Amino acid sequence: MKKQIFAFAAAVAVAGAAGASETIVIDGSTTVGPIAKAFAEYYMAANPEVNITVSESGSGNGAKAMVNGTCDVAIMSRPMKDSEFKAAADGGAQPVAHVVALDGLPILVHPSNPVQDLTVEQVRKIFLGEISNWSEVGGPNKEIVTISRDTNSGTYETFAGLVMNKEKIGGKCEYVGSNGAIRQRVQSTPAAIGYAGLGFVDKTVKALKVNGIYPSAETVQTGEYPVARPLFMYTNRYPKLGSTLYQFVTIHLTEDGQEMVEEIGFVPVTAY
Amino acid sequence: MRLETRKLLDKAFSGLGLISIAVMAIALLLILTPIVWRGSKAFVFKGTIEHRRVMLEQFHRGNAEKFNKDYAEVVAARAPIYDMLTDFEAGTEQRVSSIETEMDAKKERAKELKAEARVLKREGQTEEAEKLEAEEDRLKDEAKALKTQISELKESRTEPLESVIDALQELFGPMPGQRTPVLLRQQYGQTRWDRTLVKLHEVLYTEEWDYSNADAMGILIEKPRIDQFIGTEMESFFPYLEENISEMMQPRRTFYWQFITDKSKDSHIFGGIWPEVLGTIYLTIGAMIFAIPMGVIAAIYLCEYAKEGRIISFIRICISTLAGVPSIVFGLFGLAFFLNTIQVSDSKSVLAGSLTLSLLILPTIIRSSEEAILAVPRAYKEASLGLGASRWHTVLTVILPAALPGILTGIVISMGRAAGETAPIIFTAAVSVGAPLKLWQTLSQPTPALPWNIYNLCTEHEAVDEIRHVQYGMVFTLVAIVLLLNLGAILMRARISKKLRG
């Protein structure tokens with residue numbers, strides 16, 4: 001019995017030494033998640049010896065994982081905050097940002113909602129709880145159900161910065177943990193209003209015009225659509241040139257990478 | 001109490017008992033039926049030719065020769081619809097160009113008239129010249145009208161066509177001659193017959209919302225797409241598509257048992273759930289490796305060695321409290337302690353997840369082992385000690401074997417719990433996408449796992465409506481794994497008990 005155990009341990013050790021495969025651990029935003037997952041799939045198909053894992057736990061968790069050194073790439077839908085940079089620097093890490101795509105933040109309602117167009121001010125008032133009925137913005141007499149991302153989310157922070165002017169969301173707002181969950185809540189609640197990344201818009205929800213501008217690749221890229229932002233991948237220092245990590249964080253610069261970003265529904269950083 | 005009252009109460013009580021058992025049975029049925037029914041659809045379903053294409057190209061499975069024959073038939077069946085699309089496009093172009101030639105001719109004529117008018121003006125024939133100029137203006141206006149006609153034509157033909165093509169690509173995959181898309185999900189059409197019908201409906205009908213009643217929410221109106229194409233080359237496109245869809249997709253009853261052992265492709269849109277299944281197995285076994293020795297030894301100490309006193313009862317209270325701590329707290333503890341403080345691995349890992357899970361199930365194992373050890377008749381122990389065996393020897397050879405069935409029950413219950421727990425592994429082990437791990441990789445790498453990925457698929461996946469079957473398949477598999485674990489343990493327990501008795 002003892003001999004067997006030793007043999008087993010030896011086998012594991014040998015195998016471990018032989019198969020020291022490369023890994024990339026990715027953690028963070030649920031908005032950037034689809035891009036990271038597609039890139040991971042794409043990279044692993046070409047390099048089967050590399051294992052890339054993606055977890056989608058929110059931008060804040062991505063930043064924390066980077067600070068704690070528990071991930072190689074932190075995907076974030078907002079820039080790192082000063083406090084996070086400081087925490088990272090104190091821990092000896094130096095986060096470097098790679099902007100992989102652009103994203104508008106469509107304001108989503110149920111497709112049965114006749115409202116087509118809101119101003120930023122109206123959206124802000126809705127989320128402040130000052131406008132609480134659709135009839136106040138030209139819709140039917142129905143109480144508005146506001147749905148927001150949780151405060152750990154980069155999408156929430158973007159929304160808070162660009163729409164809410166840092167004012168606190170008020171009223172009976174419902175907080176959910178991911179972009180997909182926002183879409184599901186809006187799908188199933190006719191009087192709901194929410195916001196999510198561009199890649200999460202499908203025909204089950206309706207994206208509103210904001211200030212008369214519909215969120216699309218063009219209006220996001222030109223900056224006409226008022227609620228837009230870049231999407232980031234952070235690495236600790238710029239990866240060693242030619243390394244697996246370097247190749248991974250530059251996928252978005254290739255033609256294939258741009259096509260993937262576009263097909264998932266986001267906006268490539270540059271258009272060639 | 002009078003006898004009748006007592007009888008009545010007795011009957012009422014047994015009635016209540018029966019009712020509660022019935023309610024429980026119904027609840028169980030309500031929960032399990034959909035899980036089994038919908039979950040089994042991940043394994044047994046009507047697969048289209050596209051499913052077989054994915055299997056052949058991505059998993060190198062199936063008879064290539066037969067597939068090629070089938071696929072040739074499918075391509076032939078689909079050819080007419082693509083021809084119709086091309087005809088329609090050509091028709092649009094032809095119309096545009098014929099209008100353009102007309103327009104150009106008019107413009108040309110207008111130019112000529114202008115020149116003639118200038119000549120006439122110079123010669124002093126103003127009246128004639130004005131006539132010509134009027135004619136020129138008329139021609140110019142006509143040309144302008146033709147130009148708007150072209151843009152109208154484009155609007156009425158090109159835009160509807162583009163939306164048909166988009167819908168068609170979702171149904172059949174890329175058009176013939178189109179460059180292969182990078183994303184795997186766009187390289188194939190619908191792999192399942194049920195999804196095919198949904199997508200077919202989207203090709204045949206457009207959705208519009210009627211907002212005419214300002215006081216109410218809009219109403220969904222489905223308009224047949226054919227209305228936009230009546231009198232064009234595309235008129236027979238929709239009836240043809242509807243009638244021949246099964247030739248174009250060749251649905252066949254498919255038993256895809258490899259759903260469990262296949263890797264997922266393009267984040268679960270194709271393929272199976274092997275990384276998740278393997279991850280769950282690793283995590284469960286890992287948790288057992290840490291929890292069983294600790295738990296059983298602790299139980300032995302508490303029952304056999306420790307002197308009853310304040311400290312021991314305090315420890316007992318602690319254990320009971322630990323059993324009641326919410327699992328997410330264990331998850332956060334695991335993150336803070338195993339990952340950030342003692343850093344068992346550089347990132348989330350199966351090791352960290354197993355350690356966290358083992359803490360979660362430790363109280364259950366300790367308590368059940370304790371109960372089992374205490375249930376061993378005192379006489380066994382006394383006899384053993386009386387024969388001169390040492391305490392340690394007694395525990396090892398008499399008490400533990402006799403308590404084994406009880407200990408096993410506790411282990412099995414906690415095993416099921418470890419396999420199904422989500423919260424402790426969110427921060428310590430689980431990721432939404434990853435490759436199946438080799439054994440040694442579990443020490444340093446995170447893994448997908450069934451409970452977390454079920455949650456992840458239904459809340460975070462970008463194409464969740466397309467892959468409901470995967471989600472149910474995962475639920476089904478997880479329930480089946482837990483059930484099998486329990487069954488296996490029950491059998492083992494029965495055998496051991498029998499051996500002990502006999």
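Colleague: What radius of gyration does chain B have, and what would a compact globule of 502 residues have?

Modeller: Please note at the outset that this is a predicted model. Chain B has a radius of gyration of 37 Å, whereas a compact globule of 502 residues would have one near 23 Å. The C-alpha trace of chain B spans about 145 × 65 × 55 Å along its principal axes. As for its make-up, chain B holds 15 helices and six strands, and 34% of its 502 residues are buried.

Colleague: How far apart are the centres of domain 1 and domain 2 of chain B?

Modeller: The domain assignment places residues 51-222 and 241-253 of chain B in domain 1 and residues 264-501 in domain 2. Taken over C-alpha atoms, the two centres are separated by 59 Å. Eight residues of domain 1 of chain B are in contact with seven residues of domain 2 of chain B. The side contributed by domain 1 has three nonpolar, two polar and three charged residues.

Colleague: Which residues make up the two domains of chain A?

Modeller: In chain A, the assignment gives domain 1 as 2-101 together with 231-264, and domain 2 as 106-222. Their centres, over C-alpha atoms, are 31 Å apart. Across this boundary, 12 residues of domain 1 of chain A are in contact with 10 residues of domain 2 of chain A. Helix α3 (residues 59-68) of chain A supplies the largest share of the domain 1 side, three residues. By class, that side has three nonpolar, eight polar and one charged residues.

Colleague: How many residues of chain B are in contact with chain A?

Modeller: 38 residues of chain B are in contact with 43 residues of chain A. On the chain B side, β2 (205-210), α9 (327-341) and α14 each supply at least two residues. The class count for that side is 19 nonpolar, 11 polar and eight charged residues.

Colleague: What makes helix α7 of chain A mostly covered?

Modeller: Seven of the 10 residues of α7 (residues 179-188) of chain A are buried. The buried residues are A:N179, A:G180, A:A181, A:I182, A:R183, A:Q184 and A:V186. Their cover includes β5 (107-109), β7 (145-149), α6 (154-162), β8 (174-176) and β9 (192-195) of chain A, together with α14 (450-459) of chain B.

Colleague: What is the order of the strands in the open sheet of chain A, and which are its edge strands?

Modeller: Five strands form the sheet in the order β8-β7-β9-β5-β10, with mixed pairing. The edge strands are β8 and β10 (206-207) of chain A, as each pairs on one side only. Three bridges join β7(A) to β8(A), and these two strands run parallel. A:I147 has A:E174 in β8(A) as its bridge partner. Helix α7(A) packs on this sheet, touching β5, β7, β8 and β9 of chain A, and its direction makes about 160 degrees with that of β9(A).

Colleague: Why is A:N211 called partly exposed?

Modeller: A residue is exposed with 12 or fewer such neighbours, buried with 20 or more, and partly exposed in between. A:N211 has 15 other C-beta atoms within 10 Å, so the residue is partly exposed. A:N211 is in the loop between β11 (209-210) and α8 (217-221) of chain A, and its phi is near 50 degrees, a positive value in a residue other than glycine.

Colleague: Where is A:D256 placed, and what makes the residue partly exposed?

Modeller: A:D256 is in helix α10 (residues 255-264) of chain A. Here too 15 other C-beta atoms lie within 10 Å, so A:D256 is partly exposed. Leaving aside neighbours within four places in sequence, A:D256 is in contact with A:Y42 and B:V182. From A:E84, A:D256 is 172 residues apart in sequence and 32 Å apart in space, C-alpha to C-alpha.

Methods. Residues numbered from 1 in each chain as written. Chains lettered and ligands numbered in written order. Predicted model: local features only at pLDDT ≥ 70, side-chain atom pairs only at ≥ 80, totals over all residues. Helix = DSSP H or I, 4+ residues; strand = E, 2+ residues; numbered from the N terminus. Contact = placed C-beta atoms within 7 Å. Nonpolar A, V, L, I, M, F, W, Y, C, P; charged D, E, K, R; others polar. Rg over C-alpha atoms; globule rule 2.2 N^0.38 Å. Domains from an automatic or database assignment. Pairing = 2+ DSSP bridges. Axes fitted to C-alpha atoms, helices over the stretch in contact; angles between N-to-C directions.
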